[in-house]
Amino acid sequence: MNTDTQYLHEVAESDYEHGWSTDIVSDTIPKGLNEDVIRLISSKKNDPDWMLENRLRAFRHWEKLAADTDKYPRWAHLQYPEINFDEISYYSAPGSKPRYESLDEVDPELIKTFEALGIPLEEQKVLAGVAVDAVIDSVSVATTFKEELAKLGIIFCSFTEAIENHGDLVRKHMGSVVPHTDNFYAALNAAVFSDGSFCYIPPGVRCPMELSTYFRINQAGTGQFERTLIVAEEGSYVSYLEGCTAPRRDEHQLHAAVVEIIAHKDAEVKYSTIQNWYPGDNEGKGGVFNFVTKRGICEGTGSKISWTQLETGSAITWKYPSVILKGDHSIGEFYSVAFTKGRQQADTGTKMLHIGRNTSSSIISKGISAGRSNNSYRGLVRINKGAENARNFTQCDSMLLGDRCGAHTFPYLEIQNPTAQVEHEATTSKVGEDQMFYCQQRGISEQDAIKLLVSGFCQEILAKLPMEFAVEARKLLAIELEGSVG
Amino acid sequence: MKSILEIRGLKASVEDMPILRGIDLTVNAGEVHAIMGPNGSGKSTLASVLAGNEDYEVDGGTVEYLGKDLLEMDVDERAREGVFLAFQYPIELPGVSTMNFLKQAVNSVREHRGQKPLGAAELLRLAKEKAALIELDTRLKQRSVNQGFSGGEKKRNEIFQLAMLEPTLAILDETDSGLDIDALRSVANGVNLLRTQERGFLIITHYQRLLNYIVPDFVHVIAGGRIVRSGDKELALELEKRGYDWVQEELAA
């Protein structure tokens, strides 16, 4: 190797830009998890009785799973210390007042936090035309644009508000795609979740703007457990964006979210994520453990759910946004770029479950590994017996920056119907020295050349992100690649 | 006359195998030098060493470029200082848009020269003008760099980049190889339009054919890692007639 090595080293060790924390007074409950804690969270949230019942049911299920450490999910290609669930505080809210009626009531420090994150709410209200719901630690802080959306019958609010004002809708759909029995972290989330976002698009309505949520873990020693529920009625359309960051902390922080999407007949939901949780330092100290269950169901004929994600953060990423293709002619898509460096580990991919007839799914996954990181794609394509004429196309490309990192692919195919057409392509490449030489011979610096080549590698995924998100994604990738030399 | 390049006793090897065994060559502003020679004689090695390819080890000698030590400079620094290599086998850059690539290249060079970076519109205008010079299909600019280009398109694209970057020293490494006669003519035509009083060319070629279109001021023959003969364009014609064996036989004699 030549000078690449030095730069790649710097890339691999570059710094986290969102690693500050905000000094705001917060209401954090004592660490540990038991039934009393669940009841405390429930009372802080003013839950109706049915919600408390749901939480307790989920908690009892989780308790059973947690009692036997052998039952912890360990199949992922990830190595991390056992999480001590008694060392986490399961609820933290900024300030003593759990919710805000307007931005004026919000702690100015908190507003500064959002500004530092590049999401000045006020400005975004006016300029960007993006409706933002921001969740810091566990509580939704402000949701912009609510009124404009309400005129179209669109509901976009925090999960807490949704339970309060649209209880029937929430009760009907919550847990219908990801039941609390689904997995260890889904059970934990269903028990302790404290807020999140809810989105409802009525029949025939095309949501005129991108709906956006920002998540941030601020308080030390807290976990963040949010839920997102999106219901798209017949013939509706919505594009939903999610972004996340966390301050730099020496201890690990746990994030276990659940996202559920329901798409009815001819509805389309596009869900985009930029995940930039604190990844820990280069020796693997600190960083967010990100255990997330995301799943959508194409309930109706001709419905479509599309997941696009840019994963650059977290010490551990365990995440498989999936689609259940129940409706005939329904479409599921998963487009992913996962970038790992330092000691980061990502095990991410998707599940496409084909049930209806003439369903189709596309999976394009791009993994980039630098430093001593490990990056795995894990995907399941299942074609059920009755799923006539199902189609799937899967493409997994991995790029290695340097020679101390790893890329892995774990594709699973279960095909029970002979009419299925399934394609799988996989490549692994190194940033070619010949490519670097070519760029540099044109006057492009080593750093810029790597950025150019990596963003070229991800191009087809980044192109699928909504415009303003794509700009952000490119910037983020560039920052991630920047190296400590700047 | 202003000297651009002064090569003195240049020796280089690849994987411990000596290839260049002492090259001496001077290129002045406005001159076109053709470097000819049989396969394996070290022609392309010379081009690679001048561009700074780290696959090659410099074992001795000096290279002065505009009065500076070229061998001390990094690859990208050489490029920004005005050394351009048209590759024998241009590299494909999947997903990297040609315009974005050009923008970065042109603006790094401009910045180095203390010029204002070009905006998207100015760059497009410039690209359109330069593409016309070498009859480059403008649709190629929509694609990823060199990806899915035919051999001829790749070579034209190299000359197009040369035109965009306006180097002081342009090295063409077997640009004529794999070109059909029409492509050869338009590439040569492009190069002729780019000949200026300030710019020097080093044209590496195996065949005399290209020199019918780009008439050189000097022709040098490399054999066994040394320049064994220098002359004017007549030398190329003689080589065409008598073959490289003739030079080698003369050397042995």
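This is a predicted model: local features need pLDDT of at least 70, side-chain atom pairs count only at pLDDT 80 or more; totals for chains, interfaces and linings use all residues.

User: Why is helix α10 of chain A called largely enclosed?
Analyst: Buried means under 20% relative accessible area, exposed over 50%, and partly exposed in between (1.4 Å probe, protein chains only). Seven of the nine residues of α10(A), residues 433-441, are buried, so the rest of the structure largely encloses this helix. Among them are A:Met436, A:Phe437 and A:Tyr438.

User: How do you know that A:Ser314 is buried?
Analyst: Its relative accessibility is 0%, so A:Ser314 counts as buried. A:Ser314 sits in the loop between β14 (304-311) and β15 (316-319) of chain A. Its phi is near 70°, a positive value in a residue other than glycine.

User: What makes B:Leu66 partly exposed?
Analyst: B:Leu66 has a relative accessible area of 31%, so it is partly exposed. Its place is the loop between β4 (57-65) and β5 (68-69) of chain B. B:Leu66 also has a positive phi, about 50°, although it is not a glycine.

User: What makes the link between A:Thr273 and A:Lys294 a polar contact?
Analyst: A polar contact is a pair of N or O atoms within 3.5 Å; within protein, one must be able to donate a hydrogen and the other to accept it, and residues adjacent in sequence count only if both atoms are side-chain atoms. The side chains of A:Thr273 and A:Lys294 make such a contact at 3.1 Å. A:Thr273 lies in strand β12 (residues 268-276) of chain A. With a relative accessible area of 2%, A:Thr273 is buried.

User: Why are β6 and β12 of chain B said to stand at the edges?
Analyst: Two strands pair if DSSP finds at least two bridges between them. The open sheet of six strands has the order β6-β9-β10-β3-β11-β12 (chain B), with mixed pairing. β6 (83-86) and β12 (226-231) each have a single partner strand, so one side of each is left without a neighbour in the sheet.

User: How do you know that β3 and β10 of chain B pair?
Analyst: Five bridges join β3 (residues 32-36) to β10 (residues 200-205) of chain B, and the two run parallel. B:Val32 has B:Phe201 as its bridge partner, and B:Met36 stands opposite B:Thr205. Five bridges also join β9(B) to β10(B), again parallel.

User: What makes β10(B) mostly covered?
Analyst: Six of its six residues are buried. B:Gly200, B:Leu202 and B:Ile204 cover one side, with B:Phe201, B:Ile203 and B:Thr205 on the other.

User: How many residues of chain B are in contact with chain A?
Analyst: Contact means heavy atoms within 4.5 Å. 30 residues of chain B are in contact with 20 residues of chain A.

Notes:
Residues are numbered from 1 along each chain as its sequence is written. Chains are lettered from A and ligands numbered from 1 in the order in which they are written. Side-chain values use heavy atoms; hydrogens and water are left out. Helices (H or I, at least four residues) and strands (E, at least two) are DSSP runs, numbered from the N terminus.
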